[in-house]
Amino acid sequence: MTWKEVVDPLSGSITYIIYDEDSKNSLIIDANNFILIDEFIIEKKLKIEYIILTHEHYDHVLALEELQKKYNFQVITSEKCAEELGTNSRRLSRDYSVYIRMKNKTKKNIENDLSNVVINI
């Protein structure tokens with residue numbers, strides 16, 4: 001078994017991908033950045049068996065929905081976390097709306113178009 005750290009450049013949160021190089025089976029702990037996780041999964045030809053969520057904060061679950069659309073795996077988490085995942089107001093900080101609006105913009109677009117930044121206070 002080996003592992004890879006995936007650091008989300010915006011939030012700084014860390015995803016761990018633990019995998020077996022022979023079987024290609026893997027598990028992910030806290031899915032933060034779909035693009036970075038997906039690139040690594042494709043590069044190593046891994047099969048995601050499980051995603052473990054330590055808690056429901058947005059920077060730990062941000063890639064979960066997109067990964068579920070593409071891959072078939074089981075999610076392991078606490079009962080409290082599972083309940084809170086359906087309650088956006090509990091799991092999302094005010095930074096989340098800024099992140100969502102900015103994640104598909106290039107740095108140049110963000111610098112030239114400050115209307116993409118919306119802060120909910």
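User: How many contacts beyond four places in sequence does the model have for residues 89–121, where pLDDT stays under 50?

Analyst: This is a predicted model, in which local features need pLDDT of at least 70, side-chain atom pairs count only at pLDDT 80 or more, and totals for chains, interfaces and linings use all residues. Residues are numbered from 1 along each chain as its sequence is written, and side-chain values use heavy atoms, with hydrogens and water left out. Here pLDDT is the predictor's confidence in each residue, from 0 to 100, and a contact means heavy atoms within 4.5 Å. Over residues 89–121 pLDDT stays under 50, and the number of these contacts is 33.

User: In which helix is confidence highest?

Analyst: The protein averages a pLDDT of 78, and 70% of the residues score at least 70. Helices (H or I, at least four residues) and strands (E, at least two) are DSSP runs, numbered from the N terminus. Confidence is lowest in helix H6 (residues 95–102), with a mean of 43. The highest mean, 97, belongs to H1.

User: What pattern does the protein follow when read along the sequence?

Analyst: The secondary structure consists of seven helices and five strands. Read in sequence order, these elements give β-β-β-α-β-α-α-β-α-α-α-α.

User: Which residue in E4 is the bridge partner of Ser26?

Analyst: Two strands pair if DSSP finds at least two bridges between them. E3 pairs with E2 (residues 14–19) in the antiparallel sense over four bridges, and there Ser26 stands opposite Tyr19. Five bridges join E3 to E4 (residues 47–52), and these two strands run parallel. In E4, the partner of Ser26 is Ile48.

User: Which residue in the turn of the E2 and E3 hairpin has a positive phi of about 70 degrees?

Analyst: Five residues lie between E2 and E3 in this hairpin. The turn residue with a positive phi of about 70 degrees is Lys24.

User: How wide an arc do the buried residues of H1 cover around the axis?

Analyst: The buried residues of H1 are Phe34, Ile37, Asp38, Phe40 and Ile41. The arc is that of the directions from the helix axis to the C-beta atoms. These residues are on the same side of H1 because they cover an arc of only 165 degrees.

User: Which residue caps the N-terminal end of H1?

Analyst: The covering of the buried residues of H1 includes strand E1 (2–7), E2, E3, E4 and helix H3 (64–70), while the face turned away from the buried side carries the exposed residues Ile35 and Glu43. At the N-terminal end, a side-chain oxygen of the capping residue lies 3.2 Å from the backbone nitrogen of Ile35. That capping residue is Asn33.

User: What is the relative accessibility of Ala31?

Analyst: Ala31 lies in the loop between strand E3 (25–29) and helix H1 (34–44). Ala31 counts as buried because its relative accessibility is 0%.

User: Which side chain does a polar contact of 3.4 Å join to that of His60?

Analyst: His60 is in helix H2 (residues 58–61) and counts as buried, at 13% relative accessibility. A polar contact is a pair of N or O atoms within 3.5 Å; within protein, one must be able to donate a hydrogen and the other to accept it, and residues adjacent in sequence count only if both atoms are side-chain atoms. At 3.4 Å, the side chain joined to His60 is that of His55.

User: How far apart in space are Val75 and Ile29, C-alpha to C-alpha?

Analyst: Val75 is in strand E5 (residues 74–76) and counts as partly exposed, at 36% relative accessibility. Beyond four places in sequence, Val75 touches Ile51, Leu53, Leu64 and Gln68. Val75 and Ile29 are 46 residues apart in sequence, and their C-alpha separation is 9.9 Å.

How values were computed. Buried < 20%, exposed > 50% of the residue type's maximum accessible area, 1.4 Å probe, protein only.
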